[in-house]
Amino acid sequence: MIFRQLFDLKSSTYTYILGDEETRDSISIDPVRSQIERDLKLLQELNLTLKFILETHVHADHVTSASHLRDRTGAKTVYGSKTNLKCADILIEDGENLECGNIKITALHTPGHTNGCTSYWVDNKVFTGDALMIRACGRTDFQEGSNEKLFKSVREKLFALPDETLVYTAHDYLGRMVSTIGEEKKFNPRLGLSQTLEDFIAFMEEHRLPYPKMMDIAVPLNQSCGKMEKEEFEITPDELVPETGNVILVDVRGAEELKGPSGYIEGIVLATLGEDLNSFLESANPEAPYVFICERGRRSALALFEARARGFQDVKSLQGGMLYWRACGK
Ligand SMILES: [Fe+2]
């Protein structure tokens, strides 16, 4: 089997490509939206045909490229049945097998991080998503997370696999790439065999993490396999890139927000929604082309309607704002 482990530096996400040497059919596990060109190039270089896109769960920290990869390759998207996602081509059941050339994948429902979490077991490897991580596990404090369910999933399902099974996770923040079931049984400080359910719950309660900054955009987007419905008045990040020199970019956020993690696009005019924007529009040329930008795409839509009301014709709003712009790798 052809096997590649890929990494997205920004979200610390691992994407995996599995290919059958003989038929050249292949699978991608947890692909990232901003890395779609990298992944497509690799598939082409390895002469692989993408048949399935497997997601371990609905991610909160990055946007999936599942729907875009499907559009460009014809591959089918696969999610655990408990995600109930309408955009999935296949909702796979616990214990169900999927065949891709000579590769046989068994789905193992491993809820707890989210209710729809699914691990994929292939030969001597298991792809655990955020259920079991190397010396760690995914958080359980949102997306229907449950300490009890995660403990049960790991201890009863994943730890039932042979000790030598290689564990490949969706993330690692310390540069570790692979573990084994045997190692995690021994050394996982949260879920290892020396820990009880009570120990695990106490640990998770003590180690609360801040709200993930991508969550508000990533979860709703990932629930539609990473595709954002486009409104008539919007321009997508992909469409805006070649246009940046031809349009006037008006960022309608507050000046402070520009210093935040989403940053801003070079060459913008800052006109904060409200009085600032109103005075900008009063002196601006209504014949010129404008694109309004904000953090998530809501305030920029309001700015656009304000401009339209004043007779501006050639106006667009950046779809999904700066958060989506970043998620698309711009
Ligand atoms: Fe996750």
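Predicted model: local features only at pLDDT ≥ 70, side-chain atom pairs only at ≥ 80, totals over all residues.
**Stop 1: the iron site**

Three residues coordinate the iron ion: His 57 and His 113, each through NE2, and Asp 130 through OD. The coordinating distances run from 2.1 to 2.3 Å. Along the chain, these donors are spaced as H-x55-H-x16-D.

His 113 sits in the loop between strand E8 (103-109) and strand E9 (118-122). Asp 130 is in the loop between strand E10 (125-129) and strand E11 (132-133). The pair therefore ties together parts that are 17 residues apart in sequence.

Are His 113 and Asp 130 buried or exposed? His 113 has 5% relative accessibility, so this residue counts as buried. Asp 130 is buried too, with a relative accessible area of 6%. The cut-off for buried is under 20%.

**Stop 2: the disulfide**

Select Cys 87 and Cys 225. Their sulfur atoms are 2.1 Å apart, and the two residues form a disulfide. The count for the model is 1 disulfide. Check the torsion about the S-S bond: the value is about 80°, so this disulfide is right-handed.

Zoom out to see what the bond joins. Cys 87 is in the loop between strand E5 (76-80) and strand E6 (90-92). Cys 225 is in the loop between helix H6 (215-222) and strand E15 (234-235). The link spans distant parts of the chain, 138 residues apart. Both Cys 87 and Cys 225 are buried.

**Stop 3**

Select Cys 100 next. Cys 100 counts as buried, at 1% relative accessibility.

Move to Cys 294. The closest cysteine sulfur belongs to Cys 328, 15 Å away, which is too far for a bond. Cys 294 also counts as buried, with 1% relative accessibility.

**Stop 4: helices H1 and H2**

Select residues 36-45 for helix H1 and residues 66-73 for helix H2. Their axes come within 11 Å and cross at roughly 40°. H1 and H2 are therefore oblique to each other. Their crossing is right-handed.

Finish with the side chains at this contact. From H1, show Ile 36, Glu 37 and Leu 40. They meet His 68, Leu 69, Arg 72 and Thr 73 in H2.

Conventions
Residues numbered from 1 in each chain as written. Heavy atoms only, no water. Donors = N, O, S within 2.8 Å, 3.2 Å for Na, K, Ca; no water. Helix = DSSP H or I, 4+ residues; strand = E, 2+ residues; numbered from the N terminus. Buried < 20%, exposed > 50% of the residue type's maximum accessible area, 1.4 Å probe, protein only. Disulfide = S-S within 2.5 Å. Axes fitted to C-alpha atoms, helices over the stretch in contact; angles between N-to-C directions. Parallel < 35°, antiparallel > 145°, perpendicular 65-115°, else oblique. Left-handed = near helix turned anticlockwise from the far one by under 90°. Contact = heavy atoms within 4.5 Å.
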